[in-house]
There are 2 protein chains.
Amino acid sequence: MTKPVKLTEPVFCPHNLNKYASLMTIGNGYMGIRASHEEAYTLQTRGMYLAGLYHRAGKGEINELVNLPDVVGVEITLNGEIFSLTSGVIESWHRELDFSCGEVRRELIWCASDGARFAIESRRFASAQKLPLLAMEIVITPLDADACIGISTGIDATITNHGRQHLDETQVRVFGQHLMQGIYTTQDNRNDIAIATYCDVDGAAQRCFTAKERRLLQHNTVQAQAGQRVTLTKMSWVDWTSERNLSLETWGRQSLRNIEECAQQGYDALLAESNTNWHAWWQSRRVQVTSTDISDQQALDYALYHLRVMTPDHDERSSIAAKGLTGEGYKGHIFWDTEVFLLPFHLFTEPKTARSLLRYRWHNLPGAREKARRNGWQGALFPWESARSGDEETPEFAAINIRTGLRQKVASAQAEHHLVADVAWAVIHYWHATGDLNFMTCEGMTLLLETAKFWISRAVMINGRLEIHDVIGPDEYTEHVNNNAFTNYMAWYNVEQALGFARRFGYSDETFIYRAEHFLQHLWRPEVQPDGVLPQDDTFLRKPAIDLTQYKALAGKQTILLDYSRAEVNEMQILKQADVVMLTYMLPEQFSLQTCLANLRFYEPRTIHDSSLSKAIHGIVAARCGDSAQGYRFWREGSLIDLGEAPHSCDDGIHAAATGAIWLGAIQGFAGVNVRYGELHLAPVLPAHWQRLSFPLRWQGSTLQITINDAEIRIHSTEQITLWVNGEKVSLQGETVFSNSGIILPTHGTATTEGGDE
Amino acid sequence: MTKPVKLTEPVFCPHNLNKYASLMTIGNGYMGIRASHEEAYTLQTRGMYLAGLYHRAGKGEINELVNLPDVVGVEITLNGEIFSLTSGVIESWHRELDFSCGEVRRELIWCASDGARFAIESRRFASAQKLPLLAMEIVITPLDADACIGISTGIDATITNHGRQHLDETQVRVFGQHLMQGIYTTQDNRNDIAIATYCDVDGAAQRCFTAKERRLLQHNTVQAQAGQRVTLTKMSWVDWTSERNLSLETWGRQSLRNIEECAQQGYDALLAESNTNWHAWWQSRRVQVTSTDISDQQALDYALYHLRVMTPDHDERSSIAAKGLTGEGYKGHIFWDTEVFLLPFHLFTEPKTARSLLRYRWHNLPGAREKARRNGWQGALFPWESARSGDEETPEFAAINIRTGLRQKVASAQAEHHLVADVAWAVIHYWHATGDLNFMTCEGMTLLLETAKFWISRAVMINGRLEIHDVIGPDEYTEHVNNNAFTNYMAWYNVEQALGFARRFGYSDETFIYRAEHFLQHLWRPEVQPDGVLPQDDTFLRKPAIDLTQYKALAGKQTILLDYSRAEVNEMQILKQADVVMLTYMLPEQFSLQTCLANLRFYEPRTIHDSSLSKAIHGIVAARCGDSAQGYRFWREGSLIDLGEAPHSCDDGIHAAATGAIWLGAIQGFAGVNVRYGELHLAPVLPAHWQRLSFPLRWQGSTLQITINDAEIRIHSTEQITLWVNGEKVSLQGETVFSNSGIILPTHGTATTEGGDE
């Protein structure tokens with residue numbers, strides 16, 4: 001494996017501050033720390049978040065990911081002048097995030113207003129080995145003359161979520177010359193957060209602490225000679241508990257001890273330890289591509305890096321937020337994005353993590369059952385937006401219309417029910433990929449039954465057939481429709497699988513079995529029309545279409561809503577993303593290539609791609625249909641949602657699902673990995689730009705390394721496995737090479753064709 | 001009257017931002033708005049406060065003056081570059097606060113990074129006529145070439161008190177093209193605040209509103225030609241209620257209507273209306289001095305300006321905070337400073353305002369009675385720190401000791417009881433100056449009796465004499481002492497006066513009269529020693545003295561506490577301010593000049609003047625003792641507490657008491673105005689630097705204009721009054737001129753000497 005590449009911020013620009021703070025977020029699934037600069041800028045939004053730490057601040061507000069006290073900020077004064085890149089002159093600049101180890105680094109030379117030059121180097125990382133640890137280092141060197149250097153830093157609890165304060169300051173303390181600690185409690189009294197920070201400035205002539213107005217700071221002054229490197233080493237240990245059974249003192253002391261040990265280890269040793277962990281992680285996950293465009297490899301490394309740092313695999317009571325831990329967008333809530341866009345990466349690389357994400361839903365069944373019951377249904381209706389408790393977190397009303405003063409009910413929480421089947425879909429995929437009987441007979445079966453029961457109760461009998469009314473599919477530009485194809489097919493699949501597993505595991509509830517059979521017999525699933533088009537819902541095809549060119553050119557910006565009201569958009573063939581295309585992606589075995597292609601061709605011109613979930617899926621379906629050029633175009637555009645040049649594309653956090661889709665596009669699109677009837681299929685269609693694609697894959701206990709180029713497909717498997725390669729069923733172990741026509745070429749492994757038929 | 005002068009900010013400096021934001025605060029007693037710049041700076045603390053609007057944000061916090069959503073901030077982009085004085089080049093700069101009308105103005109020419117120059121002029125004022133109105137105007141002129149100007153501004157509710165958020169965002173709305181409104185509710189649900197804002201940018205080609213993350217903003221874009229003046233007019237109406245009986249809608253609509261009317265009037269008409277009010281205000285208050293140092297006049301205009309804008313004379317449920325409405329220092333709480341340092345100015349220029357301040361205490365008697373009762377005493381023990389309710393607001397514990405983690409009980413609230421007598425002292429002075437029988441027979445009498453009853457219950461009988469134990473005098477470096485001279489004399493005075501008025505008004509509570517007589521007979525008041533020194537308390541004279549030179553050189557910075565613990569300081573002759581000097585100032589009739597002088601000479605070397613209340617009083621007593629040179633030196637030093645060059649002298653607000661003391665020093669010091677046995681005395685001692693001092697004075701219904709120079713004292717009185725001039729009792733009306741030896745010189749008025757004896 002070559003080393004994962006880096007992301008560089010090409011130039012310092014105040015308008016890009018928050019974009020790069022999101023893109024270069026460091027973290028480890030336990031915590032995420034936005035890559036703000038050490039020095040302050042008026043437009044800079046600092047952020048440090050713990051996965052699963054939500055709180056509601058004030059009336060009319062909603063539960064949101066808590067922005068913690070800041071430990072990244074450092075005020076640097078150079079001969080009394082406050083260091084800031086908006087003043088003085090930047091003589092050189094380099095900033096990068098190293099995806100291989102999650103270290104963000106900056107090196108610059110700054111010329112103060114009096115002409116004196118300073119080299120300022122900084123680096124920081126969140127440990128992959130010690131989850132609560134954030135370590136940072138700044139080195140300041142006066143280049144031209146002796147200088148007086150002031151360094152003030154500590155724990156700044158004036159931080160809010162855009163003015164919403166979640167934390168009371170419970171205790172602030174300092175110990176000795178280098179240690180300080182702030183303990184904070186969410187205002188509902190349910191969570192304690194202890195931040196222990198070690199600060200050392202070598203050669204500090206003066207050092208003192210202040211604690212005032214929620215800021216606990218250490219102030220250092222150094223008289224530095226020209227050329228002398230003055231180093232600030234700062235390490236913070238961020239502990240959180242919602243079940244403290246120790247005294248605050250005793251509990252808080254642990255983080256102090258931990259950070260003291262870290263301080264003894266030192267930055268480089270801690271980094272090395274974390275790097276080792278990262279190296280092992282990349283070994284079993286990295287996707288390597290040889291492309292005419294080197295940014296393709298960067299996009300993949302970017303995606304995988306973020307897929308790691310956004311995922312709280314240490315804690316099955318947390319799941320992945322829509323912006324990961326990179327910002328406050330969507331309040332840090334969890335959507336269906338997790339199961340459909342993010343879980344597959346984990347499933348195919350570290351199934352335990354996928355299991356943890358599914359157990360998050362399983363733990364939260366009580367809230368989902370409650371939501372179903374409150375709405376008159378049975379089974380489990382998962383919340384559209386989920387936080388820690390599993391209760392519905394979607395605000396009842398959308399943001400106020402500032403013109404009318406009225407608030408609209410949020411439709412998604414009322415009707416976007418496909419999420420229920422998406423969770424079941426993920427359970428089934430987990431089973432196929434792992435054969436984890438323990439999980440399946442317990443959590444998996446429960447999830448399948450509860451979701452199936454929801455659908456059975458949700459359907460209504462109309463003229464002898466069951467229909468599902470008043471839903472919203474993934475396409476949120478079409479609301480409150482009947483028999484949405486995506487929903488009905490996924491519901492049918494959900495119940496069918498639940499019934500199948502119920503029988504398999506001898507589940508003896510005759511009522512369920514009877515009702516499930518009845519549901520499967522009677523549920524109406526929209527039929528593919530003679531022209532191959534599957535109607536999105538009962539009324540869609542009767543609606544007028546308009547030319548969307550201008551809106552598609554600004555995909556993602558929702559400019560259609562500047563010209564039409566939501567009600568008007570609802571009455572036209574205008575899609576935010578295409579449900580039927582998504583459906584053919586989700587259930588590939590149920591649709592012929594011809595149907596996939598017909599629907600791609602029909603729906604794409606009607607789709608603005610205003611959802612960040614849209615293009616990637618179109619790209620995968622296009623690739624599966626053999627159109628790698630279109631697939632590549634969509635994949636590239638999808639990868640630019642955050643990485644593109646728009647300066648405010650991800651100010652409030654990266655798009656987690658779009659990040660997951662970069663991996664999906666490469667693996668499920670161009671490598672053609674998909675699961676049909678529980679079996680693994682591989683049908684690569686490399687885009688013209690790609691000469692080679694290589695990636696690891698976990699499947700039923702075996703670790704595969706798959707390498708694809710124009711001429712051949714090379715598969716190495718640690719165990720004997722069976723899979724389909726370009727429509728040929730083969731069993732193999734060790735290394736096997738297939739020509740692109742599917743012929744097995746001689747290698748050291750063992751392989752046999754099984755003559756199966758798809 | 002010549003026009004009050006201006007305060008200028010000589011140069012833009014990031015380190016001075018908050019000092020000048022405090023010094024140049026605009027307001028009208030109803031609200032105070034810190035003079036932050038329109039554009040943002042990382043170190044800049046914005047602030048807008050309403051007198052009396054306090055709230056407690058979170059556990060462990062205390063009631064504090066609420067920092068309201070900001071309306072001053074404006075983001076200006078010039079050809080896409082964010083305007084900020086920390087970047088680009090400032091080619092010219094002028095900033096001033098015009099004390100004559102409370103308008104703050106800035107004019108500058110700024111050169112953007114591409115060399116293009118822009119003139120940026122701004123001005124704003126809080127209306128003296130319409131209290132809830134803040135009006136502002138910015139004019140931007142591209143000087144060299146056509147330019148694209150972006151202006152974004154509105155109502156920003158991300159503002160906090162250093163991270164403490166008090167307000168929920170209840171409603172945000174926009175109306176038409178120019179109006180927006182935010183309604184906010186304190187988190188305890190007790191107060192609604194409605195901010196209605198009108199914004200107009202002339203020639204805006206594009207204009208839109210956004211409401212996101214507690215920011216309601218109007219965004220404007222103007223394509224301006226070189227030389228074109230682009231004007232933003234912005235007016236805000238800030239309403240507050242804690243007793244809303246209308247619906248939020250109806251109540252909120254009022255502020256909208258009001259701001260619409262203001263917008264129709266326009267900035268200049270509103271300013272003219274406010275100026276007229278200011279002009280009349282200055283007419284009856286301005287102190288004019290001819291000095292060799294022109295900054296003396298500036299200090300006086302500065303003081304009077306702030307004495308107006310800090311005083312909530314519209315609302316007798318509010319009083320004057322220790323930092324006025326200029327910042328968050330002392331949490332906006334009200335101390336004894338108000339009665340002793342601030343009330344006299346109002347009493348001698350607009351007695352109605354003094355009455356309102358006394359009624360504030362009268363309204364809050366229930367809390368004061370409760371505090372006395374809870375501590376086992378009778379009568380009224382006013383809270384050491386007071387807010388709106390009149391309950392004790394002093395935090396039970398001081399800020400945590402970050403070294404030990406321990407919190408100390410705040411001693412002031414436990415023992416600094418002289419405040420009770422200070423309130424009574426102010427009542428008595430109000431009576432002398434006004435003869436307001438209505439007030440005196442009701443509120444005044446009640447206040448005198450309740451305060452007297454407190455002292456009677458507070459004293460303890462020791463060996464046949466009453467003593468007052470375990471108190472803190474004004475000198476907070478000497479805690480928990482017995483028979484503090486200041487406290488015992490003031491308590492005696494309090495009870496004596498209460499008894500006198502009780503008899504005079506036929507108050508028939510025999511128990512009180514008996515107990516008061518007993519108290520007056522038996523209360524021990526420390527005696528003046530043979531050397532003229534009055535012991536500060538029972539133990540003070542036995543404590544060792546040390547050389548305080550180094551600490552006195554840094555008066556106000558409390559550097560003694562870096563070398564000694566509070567406990568150590570307590571055991572030495574070290575004074576923060578001198579109680580006995582203060583006492584001779586408060587009760588001049590009780591001490592001979594010799595005693596005053598002896599104590600000034602004894603205590604001054606033992607006083608660091610670490611309290612901002614200290615120097616001015618020393619100066620007055622020195623002047624009264626005839627030492628105008630020392631008096632002037634102290635007065636100057638006192639006036640520099642905020643106006644001096646220290647860049648952070650008043651970041652969190654100006655020192656209100658020190659501001660009041662600038663007036664006190666001139667009038668009670670150099671003009672020698674004082675009240676003895678209820679009679680007005682005038683005994684001027686102009687400092688050598690002053691050639692002339694002229695000021696108006698209200699006394700018992702008459703308006704006096706007093707002009708003093710080296711040769712003569714000129715008094716004009718609208719009514720017949722009696723006063724003492726340099727020890728001669730005279731009655732006069734119209735204009736009377738006295739030679740400095742006291743001889744009456746011929747004028748148009750009438751005057752007779754009465755041959756009294758002091």
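A: The dialogue below takes up symmetry, the interface, its charged pairs and the domains. Please keep in mind that this is a predicted model.

Q: How is one to read the relation between two copies of a chain, and what rotation superposes chain A on chain B?

A: One looks for the rotation and the shift that bring one copy onto the other. Here a rotation of 180° with 0.0 Å of shift along its axis places chain A on chain B, with an RMSD of 0.1 Å. The two copies are therefore related as by a two-fold rotation axis. The same surface serves both copies, since 100% of the contact residues of chain A recur in chain B.

Q: How is the size of an interface expressed, and what area is buried between chain A and chain B?

A: The size of an interface is often given as the accessible area lost when the parts come together. Between chain A and chain B about 3,600 Å² is buried, and carbon and sulfur atoms give 49% of this area. K59(A), I402(A) and R403(A) supply 20% of the area that chain A buries against chain B, more than any other three residues. In terms of residues, 49 of chain A are in contact with 49 of chain B.

Q: Which polar and charged pairs cross the interface of chain A and chain B?

A: The count between chain A and chain B is four salt bridges. The side chains of D168(A) and K59(B) meet in a salt bridge, at 3.2 Å from N to O. Across the same interface, 12 residue pairs are in polar contact.

Q: Which elements give two or more residues to the side of chain A that touches chain B?

A: They are β14 (167–175), β17 (206–212) and β18 (215–224) of chain A. β14(A) gives the most, with seven residues.

Q: Into which domains is chain A divided?

A: Chain A has domain 1 (6–283) and domain 2 (690–753). The C-alpha centres of domain 1 and domain 2 of chain A lie 46 Å apart.

Note on methods: Residues are numbered from 1 along each chain as its sequence is written. Chains are lettered from A and ligands numbered from 1 in the order in which they are written. This is a predicted model: local features need pLDDT of at least 70, side-chain atom pairs count only at pLDDT 80 or more; totals for chains, interfaces and linings use all residues. Side-chain values use heavy atoms; hydrogens and water are left out. Copies are superposed by least squares on the C-alpha atoms of residues with pLDDT of at least 70 in both. Contact means heavy atoms within 4.5 Å. Buried area is the accessible area (1.4 Å probe) that two parts lose on being put together, summed over both. A polar contact is a pair of N or O atoms within 3.5 Å; within protein, one must be able to donate a hydrogen and the other to accept it, and residues adjacent in sequence count only if both atoms are side-chain atoms. Helices (H or I, at least four residues) and strands (E, at least two) are DSSP runs, numbered from the N terminus. Domain bounds come from an automatic or database domain assignment.
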